[in-house]
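Reader: I would like to learn how to read a protein model feature by feature, with the general idea before each case. Could we start with pockets?

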Amino acid sequence: MLKLGFVSAILPENSFEEVIDFASKEQFSCVEIMCWPKGKAERRYAGVSHIDVGSLDDDTVRHIRNYQREKGVFVSGLGYYPNPMEPDDKKAQAAITHIKAVIDAAEKLAIPVVNTFIGRNPSLNIDDNLKIFAERFPEIVAYASKRGVKMGIENCPMFFTNDEWPGGKNLAISPAVWEKMFDLIPDPNFGLNYDPSHLVWMQMDPVLPLYEFKDRLHHIHLKDVKVYQEKLNRVGILANPLEYHSPKIPGLGDVPWGRFFAALTDVGYRGPCCIEVEDKAFEKSEEDVRMAILTSRNYLRQFIPFD
């Protein structure tokens, strides 16, 4: 059945073992583990690395595999969310190189999915970005498929602030774009890390695409979002999106979770569902962060019961 976990990005100061220990203690089934390269983060929730994919020797691989078994928690996927279509070619190639390093790590660790972005040049339209995608991503997907690793593309537009204006930094924003992506790369190992919250603030139904893309659901993020209608009425949909919405923990926003989980069961999804905490109301301390994870868990247990 569905397996409840969380995304490790919200625990940046903890080690891999501490993250898994917390998940085990609090009865989570899995964790999506962040694998950013070492260095300064460029944005919130980025730059976190609980597995250093650049130093995976045989002893480390055995330790990570054994630790999961000992604690009864599995790694649902490895996460790294850069912009591989960055207009700066040097930065784009660095992102692609690290994506491949994360894929290599997933193969060594027998982890089924690497979650990432396809990226975007924000100054170009969708059709022109799809041309770049068609040049860059087939080779990345083929690299993953050859190693038996699936790719889950998250559907976050990465458009929040002025530096991401006007198109955002991730192209995979809508069912219309996903259809074109999958036409260009029909490989079934290429799919979605589906987050319903982004469709809500973009004024789309977050449930219907689960039926259309049921065969492409490789991983699920559980994040809520609150759209403040009075703010939207004032600034309109062309404003920077954080002017009228805010990420929330599940149950405190506008995602119709009953319909969402009904659809997941309808289409036969049986994979991981990982809580992603990006709620600023729970960021004053590590205690607040852990409360956010556990409050989310308690709410979601009505849909995903304990094993």
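Author: Ala, Val, Leu, Ile, Met, Phe, Trp, Tyr, Cys and Pro count as nonpolar, Asp, Glu, Lys and Arg as charged, and the others, Gly among them, as polar. A pocket is found on a 1 Å grid over the protein atoms alone, as an open set of points where a 1.4 Å probe fits, with protein on both sides within 12 Å along at least five of seven lines, and its lining residues have an atom within 4 Å of a point. This is a predicted model, in which local features need pLDDT of at least 70 and side-chain atom pairs count only at pLDDT 80 or more, while totals for chains, interfaces and linings use all residues. Residues are numbered from 1 along each chain as its sequence is written, and side-chain values use heavy atoms, with hydrogens and water left out.

Reader: How do the residues of the lining of the second largest pocket divide into nonpolar, polar and charged?

Author: Eleven are nonpolar, three are polar and one is charged. The second largest pocket holds about 320 Å³ of space, a volume being the space filled by probe spheres set on grid points that are joined across faces, edges and corners. Of its 15 lining residues, F159, W201, I237, P241 and Y244 are the closest to the centre.

Reader: In what order do the eight strands close into a barrel?

Author: Strands of a sheet pair through backbone hydrogen bonds, either parallel or antiparallel. Helices (H or I, at least four residues) and strands (E, at least two) are DSSP runs numbered from the N terminus, and two strands pair if DSSP finds at least two bridges between them. Here the order is β1-β2-β3-β4-β5-β6-β7-β10, and the pairing is parallel. For example, β6 (residues 190-194) and β7 (residues 217-222) are joined by three bridges, with L192 opposite L217 and Y194 opposite I220. On to the next pair, β7 also meets β10 (residues 272-275) over three parallel bridges, where H221 stands opposite C274.

Reader: Why is β7 described as largely enclosed by the rest of the structure?

Author: Buried means under 20% relative accessible area, exposed over 50%, and partly exposed in between, with a 1.4 Å probe and protein chains only. Six of the six residues of β7 are buried, so this strand is largely enclosed by the rest of the structure. Strand β2 (residues 30-34) is mostly covered, with five of its five residues buried.

Reader: Which residues of β2 point one way, and which the other way?

Author: In a regular strand the side chains alternate between the two faces of the sheet. In β2, C30, E32 and M34 point one way, whereas V31 and I33 point the other way.

Reader: Where is K169 placed, and which residues does it contact?

Author: K169 is in the loop between β5 and α5 (175-184), and at 24% relative accessibility it counts as partly exposed. Contact means heavy atoms within 4.5 Å; leaving aside neighbours within four places in sequence, K169 is in contact with N83, G119, R120, P122, P157, M158, D163 and E164. The C-alpha atoms of K169 and M158 are separated by 5.0 Å, although these residues are eleven apart along the chain. M158 lies in that loop between β5 and α5 as well, has a positive phi near 50°, and counts as buried at 8% relative accessibility.

Reader: Which residues does a cis peptide bond join?

Author: The cis bond joins W165 and P166, with omega about 0°, and P166 lies in the loop between β5 and α5.
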